[in-house]
Amino acid sequence: PIVGRQIGVQIGLVPILRAGLGMVDPIIDLIPTAHVWHLGLYRDHATLEPVTYYNKLPPEAEVDLCLVLDPMLATGGSAIAAVDILKRWGAQQIKFLGLIAAPEGVKALSEAHPDVPIHLAALDERLNDKGYILPGLGDAGDRQFGTG
């Protein structure tokens with residue numbers, strides 16, 4: 001027997017379904033002690049507003065840091081809704097992790113939640129009239145799951 005201490009923070013990964021699922025396994029490889037919960041949000045194509053259809057968070061926020069995972073930050077609506085949900089749930093520290101964003105989405109998320117750092121691999125030019133990132137990659141979920 002040995003007495004020890006765990007060093008570090010408890011991390012919760014919150015992929016936005018379904019595209020965020022593709023980011024979970026690589027992050028679990030880096031942070032194997034992270035918890036994984038799911039939020040299902042989709043963008044209504046007529047209004048471009050987020051719609052929540054699934055929330056599988058535990059009853060209480062017992063982690064130090066939540067990482068919202070979504071490869072695309074376009075209008076920012078889903079990311080804002082996810083952060084709203086996590087804050088109401090009791091999350092104290094939240095960060096957004098994405099791959100590609102449009103300036104409009106970064107601005108919207110930053111204005112709605114200035115306390116949430118945004119970490120991205122690339123910033124594309126802009127959104128088109130349908131709310132898609134240009135030049136972008138198309139729908140990330142469709143690309144991952146072959147449904148496009």
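Reader: Among contacts between residues at least 6 apart in sequence, what share joins residues at least 24 apart?

Author: In this protein the share is 60%, where contact means heavy atoms within 4.5 Å. The model is predicted: local features need pLDDT of at least 70 and side-chain atom pairs count only at pLDDT 80 or more, whereas totals for chains, interfaces and linings use all residues. Residues are numbered from 1 along each chain as its sequence is written, and side-chain values use heavy atoms, without hydrogens and water.

Reader: How many helices and strands does the protein have?

Author: Both are DSSP runs numbered from the N terminus (helices: H or I, at least four residues; strands: E, at least two). Here there are four helices and 12 strands.

Reader: How do I read the nonpolar core, and which residues touch the most other members?

Author: A nonpolar core is a set of buried Ala, Val, Leu, Ile, Met, Phe, Trp, Tyr and Cys residues joined through side-chain atoms within 4.5 Å. Buried means under 20% relative accessible area, exposed over 50%, and partly exposed in between (1.4 Å probe, protein chains only). Of the protein's 148 residues, 40% are buried. The largest core has 24 residues, and Cys66, Val68, Leu86 and Ile94 touch the most other members. At least two residues each come from strands E1 (11–17), E3 (38–43), E5 (65–69) and E7 (94–97) and from helix H2 (77–89). H2 gives the most, eight residues. A second, separate core of 10 residues includes Leu13, Met23, Leu67 and Leu69.

Reader: Which residues is Val68 in contact with, leaving aside neighbours within four places in sequence?

Author: Val68 is in contact with Val14, Ile16, Ala82, Val83, Leu86, Ile94, Lys95, Phe96 and Leu97.

Reader: How are the strands of the sheet E6-E8-E10 paired, parallel or antiparallel?

Author: Strands of a sheet pair through backbone hydrogen bonds, in either sense. Two strands count as paired if DSSP finds at least two bridges between them. Here three strands form an open sheet, in the order E6-E8-E10, with parallel pairing. E6 (72–73) and E10 (122–123) are at the edges with a single partner strand each, so one side of each has no neighbour in the sheet. E8 (residues 100–101) pairs with E10 over two bridges, and Ile100 stands opposite Ala122 in E10.

Reader: What is the accessible surface of the protein?

Author: By the Shrake-Rupley method with a 1.4 Å probe, the total is about 8,500 Å², and 55% of this belongs to carbon and sulfur atoms. Tyr53, in strand E4 (residues 50–56), is partly exposed, with a relative accessible area of 46%.
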